[in-house]
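Please look through the structure below with care, first at one residue and then at another, before turning to the protein as a whole.

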Amino acid sequence: MAVDPGPGGALPCGTDPQELIEHLAAGAPTGHERACPHCRAAAAEFAPLLAARDRLAGEPVAAPPRLLDDVMRTVRADPRSRRVYRLPGEEAGTTRVRRRVAAALLRTAAEQVPGVRLVRVRELRQDADGVAVVVAAVLEAGAPIPETARALREAVRAAGRAGLGWEVAAVDIEVADVRGGPEG
């Protein structure tokens, strides 16, 4: 008897073939599935697939030998991954942080400010005076923009100092949108 799913993909007895496979794979077919001729026939057809799955699951999987090198070469070739900023320090040597890491740190701090829903760091400029940051923010409806902007600037400056050792000279804010209140 061949597995012939009826309307909606069910076996003639009404059993969902996917559920049958899950029960068989777990080694726990239901009483119906053990007794029903349709389920038993389907189980017989699924048996080679389940056996192959079990056999392959025990085999170790190894990545191709140069996969990591190939991935890292691709990452390094991306111009966005080359944007790095120097971190201050007295020690010998140089520490640099990638733009996306610095932006994530600043964004996370900014999104903790009450009244701020979402922040995108649009620009980071590092010069002799410090770092200038440009952010686009989505605020909650009803949040007072001047007070929220002050708190947002301070959060970005504090995160820059504490997390990166930067003197954040300027934080420019673009209010990109205002969305529902705190609960929506």
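Which backbone oxygen lies 3.0 Å from a polar atom of the side chain of R99? The backbone oxygen of V121 lies at that distance. The model is predicted, so local features need pLDDT of at least 70 and side-chain atom pairs pLDDT 80 or more, while totals for chains, interfaces and linings use all residues. Residues are numbered from 1 along each chain as its sequence is written, and side-chain values use heavy atoms, with hydrogens and water left out.

R99 lies in helix α5, residues 99-110, where a helix is a DSSP run (H or I) of at least four residues and a strand a run (E) of at least two, numbered from the N terminus. R99 is buried, that is, under 20% relative accessible area with a 1.4 Å probe and protein chains only, whereas exposed means over 50% and partly exposed lies in between. R99 has no salt bridge, a term for a side-chain nitrogen of Lys or Arg within 4 Å of a carboxyl oxygen of Asp or Glu, and the nearest side chain of opposite charge, E123, is 7.9 Å away.

D177 is found in strand β5, residues 168-179, and it counts as partly exposed because its relative accessibility is 32%.

| Pair | Distance |
|---|---|
| R99 side chain, E123 side chain | 7.9 Å |
| D177 C-alpha, V131 C-alpha | 25 Å |

The protein as a whole has 6 helices and 5 strands, and its C-alpha trace spans about 80 × 50 × 25 Å along the principal axes. Buried residues make up 28% of its 184 residues.

Terms used
Lys and Arg count as positive and Asp and Glu as negative; His and the chain ends are not counted. A polar contact is a pair of N or O atoms within 3.5 Å; within protein, one must be able to donate a hydrogen and the other to accept it, and residues adjacent in sequence count only if both atoms are side-chain atoms.
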